[in-house]
Amino acid sequence: MIISGIMNMDFNSAAKFGSYISKDYAKDMFRLLGSYRNLSASEAASRLNLHIKTVQDFLEAMTSLDILSKEEVFEKKRPYYRYTLKKNNIRIDLELFSQESHIQPDSALLKMIRERKNANVRFTTSRSNNYLSSVVIWIGEGRGQNERKINLTTAQGKFLYNLPFPNADYLSIASIMKKAGVDEDYKSEIMDIVGLLLERGVLESVGSRTR
């Protein structure tokens with residue numbers, strides 16, 4: 001019996017579904033699957049005048065997403081699969097990001113950081129001169145050097161404006177946020193830019209200590 005259903009998909013599964021559902025033959029494939037009790041890849045390919053590998057890939061992808069079921073059958077001792085549509089109505093419930101991964105532990109705010117000496121970077125100050133509006137990072141060397149500009153949120157700009165200079169003492173992320181007047185509600189976006197700048201060698205850290 002074909003039923004309707006809500007599908008909970010992770011991002012990778014939804015991307016896979018989207019890449020196949022956008023094929024120009026996808027609608028005809030589902031119409032065919034809905035009209036037949038079950039189908040083999042060769043039967044569907046001949047009916048729609050498609051290459052069997054194209055159809056096989058589509059059927060296997062939909063099976064992996066639990067939209068189709070497949071059963072191995074034998075004909076003259078040669079096995080092959082027949083595919084059956086399990087759902088004729090799908091509503092996708094997609095979690096765009098994990099709420100758990102979005103939550104930053106308080107211990108992350110204890111990391112001690114400062115600007116790295118001779119970092120290949122340029123900070124641009126906003127018109128009001130009390131926070132930064134962007135960061136430009138140069139990646140590579142010589143003629144192969146590329147420029148990457150990162151526009152900052154207001155919270156990130158205030159945070160980086162109060163970043164210790166290379167010759168100054170390290171400060172914890174929490175301390176810099178407090179100095180900059182940035183509320184802890186913004187800690188996720190602060191941790192995001194800190195992570196990127198540490199990765200690119202713009203910042204340096206020495207671990208963490210108590211506040």
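These legends describe close-up views of a sheet and a helix in a predicted model.

**View 1. The three-stranded sheet.** The sheet is open, and its strands follow the order β2-β4-β3 with antiparallel pairing. Strands β2 and β3 are the edge strands, each of which pairs on one side only. Strands of a sheet pair through backbone hydrogen bonds, in either a parallel or an antiparallel manner.

**View 2. Pairing of strands β2 and β4.** Strand β2 covers residues 39–40 and strand β4 covers residues 78–85; two bridges join them, and they run antiparallel. Leu39 stands opposite Tyr83 in β4. Ser40 has Arg82 of β4 opposite.

**View 3. Pairing of strands β3 and β4.** Strand β3, made up of residues 68–75, is joined to β4 by eight bridges, and the two strands run antiparallel. Within this pairing, Phe74 has Pro79 in β4 as its bridge partner.

**View 4. The hairpin turn.** Strands β3 and β4 form a hairpin, with two residues between them. Lys76 lies in the turn and has a positive phi of about 55°.

**View 5. Helix α4 on the sheet.** The sheet shown here has the strand order β2-β4-β3. Helix α4, residues 52–64, packs on this sheet and touches β3 and β4. The direction of helix α4 makes about 125° with that of β3.

Conventions
Residues numbered from 1 in each chain as written. Predicted model: local features only at pLDDT ≥ 70, side-chain atom pairs only at ≥ 80, totals over all residues. Heavy atoms only, no water. Pairing = 2+ DSSP bridges. Helix = DSSP H or I, 4+ residues; strand = E, 2+ residues; numbered from the N terminus. Contact = heavy atoms within 4.5 Å. Axes fitted to C-alpha atoms, helices over the stretch in contact; angles between N-to-C directions.
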